[in-house]
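Please look at the sequence and the model below before reading on. The report that follows goes through a few places in the structure, one heading at a time.

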Amino acid sequence: MCGVGSIFNMSMEPVAGLEAGLAAMNHLQAHRGPDGAGTWRHKSGFVGLAHRRLSVIDLETGAQPMENGHGKVISYNGEIYNYKELRSEIGPEIFHTASDTEVVLKAYEKWGAGCLERLRGMFAFAMWDERRHRLFLARDRFGVKPLYYTVIGDVLYAASEIKALLPFVERIETDPDGFRDYLAFQFCLAGKTLFKGIHELPPGHYLTASSSGIQVTRYWEVRFKPDFDHTGKYFSEKLRGLIEDSVRAHLVSDTPVGAYVSGGVDSGVISSLAADQAPEGFCGFNGRFPEGEEYDESRYARDLAGWKHFPIHVLDITCGDFVENIGKVIYHLDFPVAGPGSFPQYMVSRLASEHVKVVLGGQGGDEIFGGYTRYLVAYFEQCLKGAIDGTMKSGNFIVTYESIIPNLMSLRNYKPMLQQLWKDGIFTEDMDKRYLRLIDRAGSLKEEINWGALNGDYSPYDAFRKVFRAKNVGKESYFDCMTHFDFKTLLPALLQVEDRMSMAHGLESRVPFLDHSIVEFAATLPANVKFKNGELKHIFRKTMDYALPKSILSRKDKMGFPLPLTDWINGPMRGFVNDILGSKRARERELVNNGAVIKKIAEEPKFGRKIWGLLCLELWQTTFHDQEAKFKEALKTGVAVR
């Protein structure tokens, strides 16, 4: 992977300090591309591109920014898995390198923005188009690769990571609406970030900037159109072929490839298929905590590795590792998202980077095929209500409550979730409000947040409902509404973790489930096929069972990389946490009452996320708000413009 940067004055006037700005972007994103750096500036000085390179394909001739000789220049981050096919279609005789970067450049020459629909893979890039006098920014369909931007006066700044934009903002400030989103979901909605004035280019969108201004356009959308004309056998055979083909495509590399092997179904399927097809040197990586079996899935990972005959490296992760590295985790994330899994992901990515340059993961399986237990919790209530009201056959249900009952044993560890769902009564409100109550974390933050300091009347519920009730989702399927919301919001947050934790160590992470052919096909699966008899991920598990050992197939203890954070916070790490939350600056924060947070530590339930979320907020402010001068200093650091 790589780091992208661009600066463009839309008034077409020279940008003061353009060279220093591009160098600062490269300096702050150096970890994304340890194999090379380059910059390009327009002769008139109003636009420039920056790039940091991690060499994976075409190690010799793929340097960037790359020019085509006809007024187009690109800084690109990603992998296009069908680049060889596109190269043949465009005409191989016009290419000068073997890189997928040049394929993207030539594809844009030939099809303009329409090239995005032809790209199979993960990508984010900035391209200067001299003929149209515009800067073109684009991001892949699912947001696997990041791209952020800010506008200061007439100048547009864009980069792979927010930290590369901070030298240019007047002040580092918290976005109040993004802050409200974070408190509710532990991620932001609708392109917001925790930084005021800095936006995320949404997945499946491109941005054009010119003297006429900025326009953001959607080029891809997943549409739920259930196919009721085919049998389960057809769906299963089609799905198997798509997944096998995607793993095969994601193995393309001129460097060694490995895989994260958590011990669960998703990473297990990817690792198993990859082991059958990968070149020599394929290996797996797993992280575990020594506190006990409930924090250790390595036995399942070892079962798979032994069954498929590939070596696996297992890392013991300790409380000391947390103390030493959590600040680095927050720095590389840019802002906290999506729960405590980022910390073990950082540690295992560091381990993987010592052995390979490319690693495959199982991210996306739960959002595509419906694997989260809360889906069962929310749907069970709807089924009960339908049975009592006599509306089970109204079209709103995909399974009956009778068929769900055998699967309810999986809820035994989710009693707090049930209490949260039903704390204000059962069968209340519309299904969107009930589901929001299930996932909303802000309701428990009474004393810890200074709500009066948050200006404006923005409500995360309005943004939530817009996604949950989107027009591209059928109104009749509660299951599709739930999975769609997570696909559009939680998944990009998890991908932020996936990208940032791997790129912190110069490691390229690939996610084969997020091939658009798989996602588009999964959206045609009737919910009663995905969720047959109340079994989460039914069609996926049934289809891919041949790729897993019995020990994984028979598991009932889905973990999701839990860490013993509560045990640490109330034990050996209590002093560390108190020092962070109890510092003078921490106690003077405008939005968070860290004194109240300290008092609530002992009340944190096992696997709770409140203290984690608030601790990360304080570390984020310490790392970025309190260090604003250091980011300004980056403008004085860097390399000469090429």
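## H332 and its contacts

Leaving out residues up to four places away in sequence, H332 touches H31, E161, K163, Y346, R500, M501 and A504, where a contact means heavy atoms within 4.5 Å. H332 lies in helix α8, which covers residues 319–333; helices (H or I, at least four residues) and strands (E, at least two) are DSSP runs, numbered from the N terminus. With a relative accessible area of 11%, H332 is buried, a word used for values under 20%, whereas exposed means over 50% and partly exposed lies in between (1.4 Å probe, protein chains only). From H332 to V497 the separation is 165 residues in sequence, and 9.0 Å in space from C-alpha to C-alpha.

This is a predicted model, in which local features need pLDDT of at least 70 and side-chain atom pairs count only at pLDDT 80 or more, while totals for chains, interfaces and linings use all residues. Residues are numbered from 1 along each chain as its sequence is written, and side-chain values use heavy atoms, with hydrogens and water left out.

## Helix α8

The 15 residues of α8 should span 21 Å at 1.5 Å a residue, and the end C-alpha atoms are 20 Å apart, which agrees; the expected span is 1.5 Å times one less than the number of residues. There is also a kink of about 50° in α8, centred on N325, the bend at a residue being the angle between axes fitted to the seven residues ending there and the seven starting there. After α8 comes D334, whose phi is positive, near 80°.

The buried residues of α8 are C319, D321, F322, N325, I326, V329, I330, H332 and L333. Among the elements that these buried residues pack against are β15 (312–316), α9, α16 and α25 (610–625).

## Where α9 meets α16

Helix α9 (residues 342–353) and helix α16 (residues 478–503) pack at an angle of about 40°, with their axes 8 Å apart; axes are lines fitted to C-alpha atoms, for helices over the stretch in contact, and angles run from 0 to 180 degrees between N-to-C directions. The contact is made by S342, Q345, Y346 and S349 of α9, together with V497, E498, M501 and S502 of α16.

## N82 in a loop

N82 is placed in the loop between β5 (72–80) and α2 (83–90). At 12% relative accessibility, N82 counts as buried, and, leaving aside neighbours within four places in sequence, N82 is in contact with R118, L119 and R120.
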